[in-house]
Amino acid sequence: RFIAQEAKEKVEEIEMKTEQDHDKEEQTLLVEGRVALKSEFEKKNKELKVRKRIIRAKAAADQLTSKMKSREELLNELIKEVTKKLCAIADDKAAYEKYIVQLIVQAAIKLQESNIAIACREVDKAIVESALPKAQEEFNKFMTENAANVPQLSLVMAAAHLPPPPPQVGLSCAGGIVALAKGGRIKCDNTFDR
(Lines give C-alpha, C1' and ligand atoms only; values in the text may rest on other atoms or scores of the structure.)
Protein backbone atom coordinates (compact mmCIF):
# COMPACT_ATOMS: atom_id res chain seq x y z
CA ARG A 1 0.00 0.00 0.00
CA PHE A 2 2.70 2.44 0.85
CA ILE A 3 4.40 1.70 -2.47
CA ALA A 4 1.09 2.11 -4.33
CA GLN A 5 0.47 5.39 -2.51
CA GLU A 6 3.96 6.61 -3.37
CA ALA A 7 3.54 5.47 -6.98
CA LYS A 8 0.24 7.33 -7.17
CA GLU A 9 1.87 10.51 -5.77
CA LYS A 10 4.72 10.09 -8.22
CA VAL A 11 2.26 9.77 -11.11
CA GLU A 12 0.37 12.87 -9.95
CA GLU A 13 3.66 14.72 -9.57
CA ILE A 14 4.77 13.66 -13.07
CA GLU A 15 1.34 14.58 -14.52
CA MET A 16 1.45 17.96 -12.75
CA LYS A 17 5.02 18.60 -13.97
CA THR A 18 4.05 17.55 -17.48
CA GLU A 19 1.02 19.84 -17.36
CA GLN A 20 3.17 22.73 -16.06
CA ASP A 21 5.76 22.07 -18.78
CA HIS A 22 2.95 21.95 -21.33
CA ASP A 23 1.49 25.25 -20.05
CA LYS A 24 4.96 26.82 -20.00
CA GLU A 25 5.69 25.62 -23.57
CA GLU A 26 2.25 26.83 -24.70
CA GLN A 27 2.91 30.28 -23.15
CA THR A 28 6.35 30.43 -24.76
CA LEU A 29 4.90 29.51 -28.14
CA LEU A 30 2.12 32.09 -27.73
CA VAL A 31 4.60 34.83 -26.80
CA GLU A 32 6.96 33.89 -29.65
CA GLY A 33 3.99 33.77 -32.05
CA ARG A 34 2.79 37.19 -30.94
CA VAL A 35 6.32 38.64 -31.28
CA ALA A 36 6.67 37.09 -34.75
CA LEU A 37 3.24 38.38 -35.80
CA LYS A 38 4.00 41.84 -34.40
CA SER A 39 7.37 42.04 -36.20
CA GLU A 40 5.77 40.77 -39.42
CA PHE A 41 3.01 43.38 -39.06
CA GLU A 42 5.54 46.16 -38.45
CA LYS A 43 7.58 45.02 -41.46
CA LYS A 44 4.50 44.97 -43.71
CA ASN A 45 3.39 48.34 -42.29
CA LYS A 46 6.83 49.87 -43.07
CA GLU A 47 6.73 48.42 -46.59
CA LEU A 48 3.25 49.89 -47.07
CA LYS A 49 4.39 53.32 -45.83
CA VAL A 50 7.40 53.21 -48.17
CA ARG A 51 5.15 52.21 -51.08
CA LYS A 52 2.76 55.06 -50.26
CA ARG A 53 5.67 57.54 -50.14
CA ILE A 54 6.96 56.28 -53.49
CA ILE A 55 3.48 56.63 -55.02
CA ARG A 56 3.12 60.16 -53.59
CA ALA A 57 6.59 61.17 -54.80
CA LYS A 58 5.88 59.79 -58.26
CA ALA A 59 2.54 61.60 -58.39
CA ALA A 60 4.22 64.85 -57.28
CA ALA A 61 6.96 64.41 -59.90
CA ASP A 62 4.36 63.72 -62.59
CA GLN A 63 2.41 66.78 -61.53
CA LEU A 64 5.56 68.93 -61.56
CA THR A 65 6.50 67.60 -65.01
CA SER A 66 2.99 68.39 -66.24
CA LYS A 67 3.20 71.91 -64.79
CA MET A 68 6.61 72.47 -66.37
CA LYS A 69 5.35 71.30 -69.78
CA SER A 70 2.32 73.58 -69.52
CA ARG A 71 4.51 76.49 -68.44
CA GLU A 72 6.91 75.86 -71.32
CA GLU A 73 4.03 75.71 -73.82
CA LEU A 74 2.62 78.98 -72.45
CA LEU A 75 6.03 80.65 -72.61
CA ASN A 76 6.53 79.49 -76.20
CA GLU A 77 3.09 80.85 -77.15
CA LEU A 78 3.91 84.13 -75.38
CA ILE A 79 7.25 84.40 -77.19
CA LYS A 80 5.54 83.81 -80.54
CA GLU A 81 2.88 86.41 -79.76
CA VAL A 82 5.43 89.00 -78.57
CA THR A 83 7.64 88.36 -81.60
CA LYS A 84 4.62 88.85 -83.86
CA LYS A 85 3.81 92.17 -82.14
CA LEU A 86 7.43 93.32 -82.34
CA CYS A 87 7.52 92.47 -86.03
CA ALA A 88 4.30 94.47 -86.43
CA ILE A 89 6.05 97.50 -84.90
CA ALA A 90 8.85 97.12 -87.44
CA ASP A 91 6.26 96.96 -90.24
CA ASP A 92 4.89 100.44 -89.37
CA LYS A 93 7.73 102.48 -90.94
CA ALA A 94 6.94 105.86 -89.33
CA ALA A 95 6.56 104.49 -85.79
CA TYR A 96 9.53 102.18 -86.28
CA GLU A 97 11.79 105.08 -87.27
CA LYS A 98 10.88 106.86 -84.01
CA TYR A 99 11.81 103.70 -82.05
CA ILE A 100 15.09 103.45 -83.96
CA VAL A 101 15.94 107.09 -83.13
CA GLN A 102 15.24 106.44 -79.43
CA LEU A 103 17.25 103.20 -79.46
CA ILE A 104 20.25 104.91 -81.09
CA VAL A 105 20.14 107.81 -78.59
CA GLN A 106 19.89 105.39 -75.67
CA ALA A 107 22.85 103.37 -76.98
CA ALA A 108 24.94 106.53 -77.52
CA ILE A 109 24.25 107.66 -73.95
CA LYS A 110 25.11 104.20 -72.61
CA LEU A 111 28.31 103.81 -74.61
CA GLN A 112 29.62 107.36 -74.04
CA GLU A 113 31.91 107.05 -77.07
CA SER A 114 32.49 109.61 -79.81
CA ASN A 115 32.48 107.17 -82.77
CA ILE A 116 29.61 104.69 -82.91
CA ALA A 117 28.69 102.31 -85.72
CA ILE A 118 25.05 101.20 -85.94
CA ALA A 119 24.24 97.68 -87.12
CA CYS A 120 20.70 96.82 -88.23
CA ARG A 121 18.80 94.28 -90.32
CA GLU A 122 19.41 94.65 -94.04
CA VAL A 123 15.69 95.40 -94.57
CA ASP A 124 15.94 98.33 -92.10
CA LYS A 125 19.01 99.95 -93.67
CA ALA A 126 17.10 102.84 -95.31
CA ILE A 127 15.10 103.57 -92.12
CA VAL A 128 18.23 103.55 -89.93
CA GLU A 129 20.16 105.76 -92.38
CA SER A 130 17.35 108.33 -92.26
CA ALA A 131 17.19 108.01 -88.44
CA LEU A 132 20.91 108.73 -87.87
CA PRO A 133 20.72 112.57 -88.26
CA LYS A 134 17.57 112.66 -86.09
CA ALA A 135 19.27 110.55 -83.43
CA GLN A 136 22.33 112.84 -83.56
CA GLU A 137 20.03 115.84 -83.01
CA GLU A 138 18.14 114.11 -80.15
CA PHE A 139 21.43 113.11 -78.51
CA ASN A 140 22.77 116.68 -78.67
CA LYS A 141 19.47 118.02 -77.27
CA PHE A 142 19.48 115.49 -74.40
CA MET A 143 23.12 116.11 -73.53
CA THR A 144 22.63 119.92 -73.63
CA GLU A 145 19.78 119.62 -71.14
CA ASN A 146 21.39 117.03 -68.85
CA ALA A 147 25.16 117.36 -69.04
CA ALA A 148 27.70 120.11 -68.38
CA ASN A 149 29.45 119.54 -71.69
CA VAL A 150 28.17 117.98 -74.92
CA PRO A 151 30.57 115.39 -76.37
CA GLN A 152 31.11 115.08 -80.11
CA LEU A 153 29.25 112.13 -81.59
CA SER A 154 29.79 110.52 -84.95
CA LEU A 155 27.15 107.97 -86.00
CA VAL A 156 27.81 105.73 -89.01
CA MET A 157 26.29 102.56 -90.43
CA ALA A 158 28.15 99.35 -89.58
CA ALA A 159 29.27 97.11 -92.41
CA ALA A 160 27.72 94.00 -90.82
CA HIS A 161 23.98 93.41 -90.67
CA LEU A 162 21.79 91.74 -88.09
CA PRO A 163 19.91 88.52 -88.97
CA PRO A 164 16.72 88.85 -91.08
CA PRO A 165 13.24 89.13 -89.51
CA PRO A 166 11.25 86.09 -88.35
CA PRO A 167 9.90 83.61 -89.36
CA GLN A 168 13.47 82.74 -90.16
CA VAL A 169 14.90 79.29 -89.61
CA GLY A 170 17.90 79.72 -87.32
CA LEU A 171 18.94 83.19 -86.23
CA SER A 172 16.44 85.99 -86.66
CA CYS A 173 15.96 89.53 -85.39
CA ALA A 174 12.57 91.17 -84.81
CA GLY A 175 14.04 94.66 -85.18
CA GLY A 176 16.11 97.31 -83.43
CA ILE A 177 19.81 98.12 -83.61
CA VAL A 178 23.19 97.15 -82.17
CA ALA A 179 25.57 100.04 -81.44
CA LEU A 180 29.28 99.25 -81.75
CA ALA A 181 32.27 101.27 -80.57
CA LYS A 182 36.03 100.76 -80.52
CA GLY A 183 35.93 98.53 -83.60
CA GLY A 184 33.16 96.33 -82.22
CA ARG A 185 34.86 95.65 -78.87
CA ILE A 186 32.17 97.67 -77.03
CA LYS A 187 28.61 96.76 -77.89
CA CYS A 188 25.12 97.87 -76.87
CA ASP A 189 22.44 95.45 -78.06
CA ASN A 190 19.18 97.38 -78.45
CA THR A 191 17.35 94.82 -80.55
CA PHE A 192 13.74 93.87 -79.86
CA ASP A 193 14.90 90.31 -79.20
CA ARG A 194 16.87 91.26 -76.06
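Reader: Which residues form a positive surface patch?
Author: In this predicted model, Lys 46, Lys 49, Lys 52, Arg 53 and Arg 56 form a positive surface patch. Patch residues have over 30% relative accessible area and no salt bridge, with like charges joined within 9 Å and nonpolar side chains (Val, Leu, Ile, Met, Phe, Trp, Tyr) within 5 Å. A salt bridge is a side-chain nitrogen of Lys or Arg within 4 Å of a carboxyl oxygen of Asp or Glu.

Reader: Where is Lys 46 placed?
Author: Lys 46 lies in helix α1, residues 2-91; helices (H or I, at least four residues) and strands (E, at least two) are DSSP runs, numbered from the N terminus.

Reader: Is Lys 46 buried or exposed?
Author: Lys 46 is exposed, at 61% relative accessible area. Buried means under 20%, exposed over 50%, and partly exposed in between, with a 1.4 Å probe and protein chains only.

Reader: And which helix holds Lys 80?
Author: Lys 80 is in helix α1 and is exposed, with a relative accessible area of 62%. Its C-alpha atom is separated by 21 Å from that of Asp 189, 109 residues apart along the chain.

Reader: Changing topic, what is the phi of Gln 112?
Author: Phi of Gln 112 is near 50°, a positive value in a residue other than glycine. Gln 112 sits in the loop between α2 (93-111) and β1 (115-119) and is exposed at 68%.

Reader: What about the phi of Lys 182?
Author: Lys 182 is not a glycine either, yet has a positive phi of about 55°. Lys 182 belongs to the loop between β3 (176-181) and β4 (186-191) and is partly exposed, at 48% relative accessibility.

Reader: What conventions apply to numbering and confidence?
Author: Residues are numbered from 1 along each chain as its sequence is written, and side-chain values use heavy atoms, leaving out hydrogens and water. Local features need pLDDT of at least 70 and side-chain atom pairs count only at pLDDT 80 or more, while totals for chains, interfaces and linings use all residues.

Key. Areas by Shrake-Rupley, 256 points an atom, 1.4 Å probe, with all protein chains shown as cover. Lys, Arg positive; Asp, Glu negative; His and termini not counted. Charge placed at Lys NZ, Arg CZ, Asp CG, Glu CD.
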